[in-house]
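Subject: Structure for your review

Dear colleague,

Please find below the structure that I am handing over to you. My findings follow directly after it.

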Amino acid sequence: MENYIIVGILLVVIVLALYSSRKHFKGEGGCCGGGGEVKTKKKKLSEPVVAVKVIHIEGMHCEHCKNRVERQINELDGAAARVDLKKKTAVVSMSREISDEELKAAVEAGDYQVTGIELGR
C-alpha cells in the first residue's frame with residue numbers, strides 16, 4: 001500500500017514538472033524570476049512622435065523578459081516601447097531625441113544585450 005502512495009506522489013510531481021517545462025519552452029512561464037502573466041500597460045506619448053528606433057535585443061526568453069524590457073524603456077522620458085519577443089526587437093517611439101547610448105543603458109540595466117539599434121519607419 002505504501003508503495004502505491006509513493007508512486008502516486010511521484011507521478012503527480014512528474015506531471016507538474018512536465019506541464020511547467022512545456023509552458024517554459026513555449027515562452028509562457030517565468031524563466032527569469034517572474035511569471036509571464038502580468039501585462040505591462042501600453043505607454044502613450046503626450047507629444048507627437050519625432051523618431052522611431054528599432055533595438056535588437058538578445059537574452060529575452062519569455063513574457064516576463066518582454067515586459068521587463070518594455071518597462072525599462074518606458075521609464076525613459078519621451079519613450080514608448082513595443083517589444084516583439086519572437087523577433088527579439090523593441091520598437092521605440094520617441095517624442096524627443098534619445099541617444100542610442102541612453103536606450104542601450106536602459107535595456108542592459110535588465111541584464112539583456114543590445115546587438116544593434118537602427119532608425120525605424
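The model is a predicted one, in which local features need pLDDT of at least 70 and side-chain atom pairs count only at pLDDT 80 or more, while totals for chains, interfaces and linings use all residues. Residues are numbered from 1 along each chain as its sequence is written, and side-chain values use heavy atoms, with hydrogens and water left out.

Thr-89 counts as buried because its relative accessibility is 9%; buried means under 20% relative accessible area, exposed over 50%, and partly exposed in between, with a 1.4 Å probe and protein chains only. Thr-89 belongs to strand β3 (residues 89–94). Helices (H or I, at least four residues) and strands (E, at least two) are DSSP runs, numbered from the N terminus.

The chain as a whole has three helices and four strands, and from the N terminus on its elements run α-β-α-β-β-α-β. Of its 121 residues, 36% are buried. Among the contacts with a separation of 6 or more, 69% are between residues 24 or more positions apart.

The four strands form an open sheet in the order β2-β3-β1-β4, with antiparallel pairing; two strands pair if DSSP finds at least two bridges between them. The edge strands, each pairing on one side only, are β2 (79–84) and β4 (113–119). Direction ignored, neighbouring strands of this sheet are turned by 25° against each other on average. Within the sheet, β1 (residues 51–58) pairs with β3 in the antiparallel sense over six bridges, and Ala-51 stands opposite Met-94 in β3.

Two helices lie across these strands. Helix α2 (residues 63–74) lies across β1, β2 and β3 and runs at about 165° to β2. Helix α3 (residues 100–108) lies across β1, β3 and β4 and runs at about 145° to β4. For these angles, axes are lines fitted to C-alpha atoms, for helices over the stretch in contact, and the angles run from 0 to 180 degrees between N-to-C directions.

Finally, the accessible surface of the chain comes to about 8000 Å², and 57% of it belongs to carbon and sulfur atoms; such areas come from the Shrake-Rupley method with a 1.4 Å probe, and for residues only the protein chains shown count as cover.

Yours sincerely

Key. Contact = heavy atoms within 4.5 Å.
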